[in-house]
Amino acid sequence: MAEICFDLGDADACRSQLEQGLALARSIKHPEIEGECERALGELAFEAADLPSAKKRLTRALDVARGAEDRRGEATALWWLARADLAAGDVAVAAKRVAEALRAFRKFEMNAELLGCLDDHARILHLRGHSAEAARLYAAVEAARERLVLRRRGRHEQRWRSDVAAVRAALGDPAFEAAWAEGEGWSLEQALQHEVALAPAGAVAA
């Protein structure tokens with residue numbers, strides 16, 4: 001129900017549904033659901049540009065997931081914390097969290113989350129001045145989305161278009177198109193290998 005409210009743009013109803021779910025999860029001592037609700041509330045705060053609240057919720061979601069040994073929940077909370085870090089301008093911390101989340105998404109074959117996380121890694125590459133590499137990775141992820149029929153939700157699509165436009169502006173049209181064409185030919189495995197090669201030292205240890 002909360003997800004339906006979010007998709008309809010009713011943030012208040014979404015928040016109310018999640019708070020009710022959180023209270024129920026705590027009362028029946030169900031940490032996996034508790035963590036999911038905390039994370040979703042963090043996502044909601046993030047979308048409202050309330051970064052302090054988002055980080056508080058997402059950190060709580062991460063702690064709950066780790067306490068419950070919920071590795072999937074832990075990875076997703078890490079990914080969203082990375083997004084909050086990026087929004088706050090903390091690229092170094094975001095890069096480490098993205099690398100850790102990617103490793104888990106790959107292990108558990110969480111393809112939708114994996115592709116979203118690779119998009120965020122491409123954004124990090126651009127912010128670090130590696131715009132051609134970012135264009136290649138964006139293209140590889142887009143090709144994988146087409147193959148797997150995994151489209152972005154509305155707000156994520158808008159953010160992605162803005163990020164890709166920034167890369168195009170940095171490179172200029174000819175260089176961007178050349179990099180994009182190269183990346184489109186990558187398999188998802190090639191894109192993942194590329195991410196590992198460019199990750200911060202120590203961030204993707206096995």
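Trainee: How many cavities of 30 Å³ or more does the structure hold?

Mentor: One. Keep in mind that this is a predicted model. The largest cavity has a volume of about 50 Å³.

Trainee: What makes a space like this a cavity and not a pocket?

Mentor: The way out decides it. In a cavity a 1.4 Å probe fits but cannot get out, whereas a pocket is an open set.

Trainee: Which residues line the largest cavity?

Mentor: Pro-31, Glu-32, Gly-35, Glu-36 and Arg-39 are among them. Ala-61, Ala-65, Asp-70, Gly-73 and Ala-77 also belong to the lining. Helix 3, helix 4 (51-67) and helix 5 (71-87) are the elements that give two or more residues to it. The largest share, five residues, comes from helix 3.

Trainee: How do you know that the reach of helix 3 is close to what is expected?

Mentor: Helix 3 covers residues 31-47 and reaches 24 Å from its first C-alpha to its last. The span expected at 1.5 Å a residue is 24 Å. Ala-49 follows the helix, with a positive phi near 65 degrees.

Trainee: Now the open spaces. How much space lies in the largest pocket?

Mentor: About 1100 Å³. Its lining has 41 residues, and the closest to its centre are Glu-43, Trp-79, Trp-80, Arg-153 and His-156. The largest share of the lining, nine residues, comes from helix 3. Helix 1 (2-7), helix 2 (11-27) and helix 9 (154-171) are among the others that each supply at least two. By class, the lining divides into 17 nonpolar, six polar and 18 charged residues.

Trainee: And how much space lies in the second largest pocket?

Mentor: About 160 Å³. Helix 5 and helix 6 (91-107) each supply at least two residues of its lining. Arg-71, Glu-74, Leu-78, Arg-103 and Phe-108 are among the lining residues. The classes come out as four nonpolar, no polar and five charged.

Trainee: Why is Thr-76 called buried?

Mentor: Its relative accessible area is 9%. The cut-off for buried is under 20%, so Thr-76 qualifies. Thr-76 is found in helix 5. Not counting residues up to four places away in sequence, Thr-76 touches Arg-39, Phe-105 and Met-110.

Trainee: Why is Ala-175 called partly exposed?

Mentor: Its relative accessible area is 37%. Buried needs under 20% and exposed needs over 50%, so Ala-175 falls in between. Ala-175 has its place in helix 10 (residues 173-184). From Ala-175 to Ser-131 is 44 residues in sequence and 9.8 Å in space, C-alpha to C-alpha.

Trainee: What makes a set of residues a nonpolar core?

Mentor: The members are buried residues of types such as Leu, Phe and Tyr, joined through side-chain atoms within 4.5 Å. The largest nonpolar core has 49 residues, of which Phe-105, Leu-118 and Tyr-138 touch the most other members. Helix 5 gives the most to this core, with nine residues. A second, separate core of six residues includes Leu-18, Leu-22, Leu-41 and Leu-44.

Trainee: Which residues is Phe-105 in contact with, leaving aside its neighbours within four places in sequence?

Mentor: Ala-75, Thr-76, Trp-79 and Met-110 are among them. Glu-113, Leu-114 and Cys-117 are also in contact with Phe-105.

Trainee: How many helices and strands does the chain have?

Mentor: Eleven helices and zero strands. Of the 206 residues of the chain, 46% count as buried. Among contacts between residues at least 6 apart in sequence, 60% join residues at least 24 apart.

How values were computed:
Residues are numbered from 1 along each chain as its sequence is written. This is a predicted model: local features need pLDDT of at least 70, side-chain atom pairs count only at pLDDT 80 or more; totals for chains, interfaces and linings use all residues. Side-chain values use heavy atoms; hydrogens and water are left out. Helices (H or I, at least four residues) and strands (E, at least two) are DSSP runs, numbered from the N terminus. The expected span of a helix is 1.5 Å times one less than its number of residues. On a 1 Å grid over the protein atoms alone, a cavity is a set of points where a 1.4 Å probe fits but cannot get out, and a pocket is an open set with protein on both sides within 12 Å along at least five of seven lines; lining residues have an atom within 4 Å of a point. Grid points are joined across faces, edges and corners, and a volume is the space filled by probe spheres set on the points. Ala, Val, Leu, Ile, Met, Phe, Trp, Tyr, Cys and Pro count as nonpolar, Asp, Glu, Lys and Arg as charged, and the others, Gly among them, as polar. Buried means under 20% relative accessible area, exposed over 50%, partly exposed in between (1.4 Å probe, protein chains only). Contact means heavy atoms within 4.5 Å.
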